[in-house]
Amino acid sequence: MKRFLPVLMGATLSLAAATSALAIERGGSMAFARYDDSAIIDPVWADRNPDLWLINALYETLLRNGPDGSVVAGLAESHDVSADGKTITLTLREGLKFSDGSPLTGEDVVFSLERARNPDLGPWAGLLGSVESVKAEDNTITLSLKQPDPTILSILATFNTGIVSKAAFEKAAGATDQEKAQAYFAGNPVTSGPFTLKSRVQGASMTFARNPNYWRSGEDGKPLPYLDEVNFVVIPDDATRILKLQAGEVDAAEFIPFARVGELSADANLKMELFPSTRIVYAPINTRETKADGAKNPLSDAKVRQALNYATNKDVLIKLVTFDTGKPMTSLMSAATQLHYGPEPLYPYNPDKAKELLGEAGLSGGFEVKLTTLAGSADDATLFTALQQMWAPLGVNLSVEQVDNPTRGEKNRSGAFDIHTYGWANDVNDPAQVTGWLGYYKQRQAVGTGWNNAEFNELFEKSNSEVDPDKRREEYKRMQEIYATEAPLLFLFETPFATAVSRSVEGYVQTPLGANDFSEAWRAK
C-alpha cells in the first residue's frame, strides 16, 4: 500500500497526526485503582507484577518495544549488531537528562547494566547471561557477548535494563545493593522514565509526577508525558474498585473480573478495554513413565494426552471462565508473543477422536486422574467441574486435590501430580522465555511435566545463538509443531488484560507483557 499510494498515504497520515495533536489536552491527573501495592520499583530487585509493570514508567531503557512488539529506539537513538552477533554498539541521544536535571551518561548505562547482569543481585541477571562486558566511550555503549544472543535487543528493551543514576543511587543509604535500592525507592528516586515518584503511603496510595526532563515528544511536538500526575489507589477488592470507578472517584480500574466485562461495556461513561496479552491458562500433564508413588502413569502416552485435549471443550471453558473474553490456545505461547506459530486452535473438541485415541492406547476401559487445583480459586473449581463432566463419557474418573499455591509449586517441582492448573504471562518480549519454561527439559523439566524431547531441546539450544531471523523463525515454528503434537499440556485458553477506563481518558495502554503505560495518556477536561 505504501509503495503504490505514497501521496495519498502521506496525506492521510499527516491529517491524522494533525487531528490527534489538536485534540490532545495537556495537564491534569488520572486516578488509577490497583489490586495491589508496589513493594519496590527497581529494575534489578522487583519480582512481583505490581512492581514490574510500573518500572518503565520510572526507568527508561536503551531500546523500547514498539506498538507491534518490534524493538525501536529508546535512550539509544541507534544500535548496530556485528556480523558475528557478538558485539552490540549503541549510540545515546544527545542531551539526555535524569529527572533532577543531571546528565544521563554512558557511565550511568554501564552502572545500570552491570547491576542488571550481576548474578548476586536480583532474580533477572540470567537475562543478560550472554554479556561479557559493558563499556562506554562518550555516547557510544559497547556490549561484548560471550556468544551470539538473538534475545539481547529484546532484553535491552526489558524492565531489568532500565537506566538509573549512578551518582544518586550510590548516595542512597544502605550497606548492600538491595538496601540501597529500598532506600532509593523510598526516597523519591531520580528517574529516567516519563514519571517520577512524588509520594507514597505504603499499602494505600502512590503518586507519579511527570518528569520534566523526559526525552520523548508527544503528537504536539512537546515533551511527554501529557499528564501532570498519575494517582494510584490500592483497592484489593474487585467489587470496590468497580464501585469507585462507577462513582467517578477513580478514572481507571485494573483486573476487572471477566464476569463484569459485559456490564461495564454497556456503561456509557466507561470504556471496557480488553488489551491483548501474553497470558495463557493451561494445565501441565505429568508425562513421566511412573507416578511419584511408583505406579504406571497412563499420561506418559502422547495419545492419552491428545485424547484428553480432544475431550476438552475449550469453547465451553472460555464461556464459563472468561465469559467469552478469552480465546483458544493455538500454540504453547500466546498469539501476542513474537515468533508465534499456530494457524488454528489446538485440539478442537472431538470426543469421538478422543475415544479412538484412548482405544489405541489400550485405555478404552477408562482410568483414574487427579487434578490439582488452587484452593479458593473459583476459576479452578469451575474448570474441575467442567472437565469432570467432559471426561466422564470416556471412562476417565477425574478427582480433585485442592492445595495452596506453595504446595502446588512443590508438587510441580517434585512431579507428585497428574495434572494441575497453571497460568503464565511473558516478562520478556521474546519467545525464548516462555518456550524455555514450558518445553525445555533442562529448565525445570519442561514446566515440571518431565517431558523430554531431544529434537525440541536441540532446537531450543540452537535457537538461543541463532542470529539469522529467518532460521530462528523456522526453529521456533518446528518447536511449536513438536509441542502441539506431543501435548505435555492441556491447552486451554488465552485471556486479555481487562481494564475499565473513564471515557474522559485517552491513550492509556497495558502492553501484552502487562506493563502499565501512562506515557501518552491524557484526559479531556
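Modeller: Happy to, and keep in mind that this is a predicted model. Let's begin with a pair of helices, α10 (residues 302-310) and α12 (residues 351-360), whose axes come within 8 Å.

Biologist: At what angle do the axes of α10 and α12 cross, roughly?

Modeller: Two packed helices are described by the angle between their axes and the distance between the axes. For α10 and α12 the distance part is within 8 Å. The crossing angle is roughly 160 degrees.

Biologist: Are α10 and α12 then roughly parallel or antiparallel to each other?

Modeller: Their axes cross at roughly 160 degrees, and angles over 145 count as roughly antiparallel. The crossing is also left-handed. So α10 and α12 are, to each other, roughly antiparallel.

Biologist: How many nonpolar residues are in the contact of α10 with α12?

Modeller: On the α10 side you'll find K303, V304, Q306, A307 and Y310. α12 brings in P351, K353, A354, L357, L358 and E360. Sorted by class, that contact has three charged residues, one polar one, and a nonpolar count of seven.

Biologist: Over to the strands. What is the order of the strands in the open sheet?

Modeller: Start from β14 (residues 367-374), which is joined to β15 (residues 396-403) by eight bridges. β14 is also joined to β16 (residues 419-420), by two bridges. Both pairs run parallel, and the order of this three-stranded sheet is β15-β14-β16.

Biologist: Which strands stand at the edges?

Modeller: The order is β15-β14-β16 in an open sheet. An edge strand here has a single partner strand, so one of its sides is left without a neighbour in the sheet. The strands at the edges are β15 and β16.

Biologist: Which residue is the bridge partner of T372 in β16?

Modeller: Let's go along the bridges one by one. L371 has V400 as its bridge partner in β15, and T373 stands opposite Q402 in β15. For T372, the partner in β16 is H420.

Biologist: Which helix makes a right-handed β-α-β unit with β14 and β15?

Modeller: Two helices lie across β14, β15 and β16. α14 (residues 405-414) runs at about 125 degrees to β15, while α13 (residues 378-391) runs at about 165 degrees to β15. The helix that makes the right-handed unit with β14 and β15 is α13.

Terms used
Residues numbered from 1 in each chain as written. Predicted model: local features only at pLDDT ≥ 70, side-chain atom pairs only at ≥ 80, totals over all residues. Heavy atoms only, no water. Axes fitted to C-alpha atoms, helices over the stretch in contact; angles between N-to-C directions. Helix = DSSP H or I, 4+ residues; strand = E, 2+ residues; numbered from the N terminus. Parallel < 35°, antiparallel > 145°, perpendicular 65-115°, else oblique. Left-handed = near helix turned anticlockwise from the far one by under 90°. Contact = heavy atoms within 4.5 Å. Nonpolar A, V, L, I, M, F, W, Y, C, P; charged D, E, K, R; others polar. Pairing = 2+ DSSP bridges. Right-handed = clockwise from strand over helix to strand, strands pointing away.
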